[in-house]
Amino acid sequence: QVQLVESGGDLVQPGGSLRLSCAASGSIFRLAAMGWYRQAPGKQRELVANITSRGTTTYADSVKGRFTISKHNAKNTVYLQMNSLKPEDTAVYYCHTDWPATPGPIDYWGQGTQVTVSS
């Protein structure tokens with residue numbers, strides 16, 4: 001069983017910055033792909049950013065150039081640095097992993113952290 005615990009959500013003004021953190025339990029974090037998703041009220045959950053075990057990153061078009069995902073294997077933590085925040089970034093942000101396992105990866109989600117961008 002893997003636990004993902006997010007932190008860092010807050011109320012921030014447009015143009016501001018936040019850094020989200022997701023701490024994972026488990027001894028093979030370095031082998032795991034990690035991602036951040038978000039869900040705004042009345043909308044489907046969407047992928048924000050993903051990072052593979054080798055460090056390859058992908059981003060939603062809406063956040064490219066503003067958000068950065070990173071992975072610190074020694075701390076079992078994945079981060080999402082969010083800059084130039086917009087009101088449309090308001091959502092609950094969830095950490096996700098396809099955790100390596102036999103015979104295949106297992107899907108885990110964190111509990112979510114609220115990000116509100118408003119003046």
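Which cysteines form a disulfide, and how far apart are their sulfur atoms? In this predicted model, the partners are Cys22 and Cys95, with a sulfur-to-sulfur distance of 2.1 Å. The structure holds one disulfide. The pair ties together distant parts of the chain, as Cys22 belongs to strand S3 and Cys95 to strand S9, 73 residues apart. The torsion about the S-S bond is about -85 degrees, so the disulfide is left-handed. Cys22 is buried, at 0% relative accessible area, and Cys95 is likewise buried, at 0%.

In soluble globular proteins, nonpolar side chains tend to be buried together. Here the largest nonpolar core comprises 30 residues, and Met34, Trp36, Val78, Leu80, Met82 and Tyr93 are those with the most contacts inside it. Seven strands are named as giving two or more residues to this core: S3 (18-24), S4 (33-39), S5 (46-51), S7 (67-72), S8 (77-82), S9 (91-99) and S11 (113-117). Once its neighbours within four places in sequence are set aside, Val78 is in contact with Leu20, Ser21, Cys22, Phe29, Met34, Trp36, Ile51, Ile69, Ser70, Lys71 and Cys95.

Is Asp89 buried or exposed? Asp89 is buried, because its relative accessible area is 1%, below the 20% cut-off. The side chain of this aspartate makes polar contacts with two arginine side chains: one with Arg38 at 2.9 Å and one with Arg66 at 2.7 Å. Leaving out residues up to four places away in sequence, Asp89 touches Arg38, Arg66, Phe67, Ser84, Val115 and Val117.

Ser84, one of the residues that Asp89 touches, is placed in the loop between S8 and S9 as well. Its backbone is worth a glance, with phi near 50 degrees, a positive value in a residue other than glycine. Ser84 is partly exposed, with a relative accessible area of 42%. A positive phi near 50 degrees is also found at Asn76, again a residue other than glycine. Asn76 lies in the loop between S7 and S8 and counts as buried, at 18% relative accessibility.

Where does the chain contain a cis peptide bond? The bond joins Thr102 and Pro103, with omega about 5 degrees, and Pro103 lies in this loop. Pro100 is also placed between S9 and S10, and is partly exposed, at 26% relative accessibility. Pro100 and Leu31 are 69 residues apart in sequence, yet their C-alpha atoms are 6.9 Å apart in space. With neighbours within four places in sequence left aside, the contacts of Pro100 are Ile28, Leu31 and Ala32.

Methods:
Residues numbered from 1 in each chain as written. Predicted model: local features only at pLDDT ≥ 70, side-chain atom pairs only at ≥ 80, totals over all residues. Heavy atoms only, no water. Core = buried A, V, L, I, M, F, W, Y, C linked by side-chain atoms within 4.5 Å. Buried < 20%, exposed > 50% of the residue type's maximum accessible area, 1.4 Å probe, protein only. Helix = DSSP H or I, 4+ residues; strand = E, 2+ residues; numbered from the N terminus. Contact = heavy atoms within 4.5 Å. Polar contact = N/O pair within 3.5 Å; in protein donor to acceptor, adjacent residues only side chain to side chain. Disulfide = S-S within 2.5 Å.
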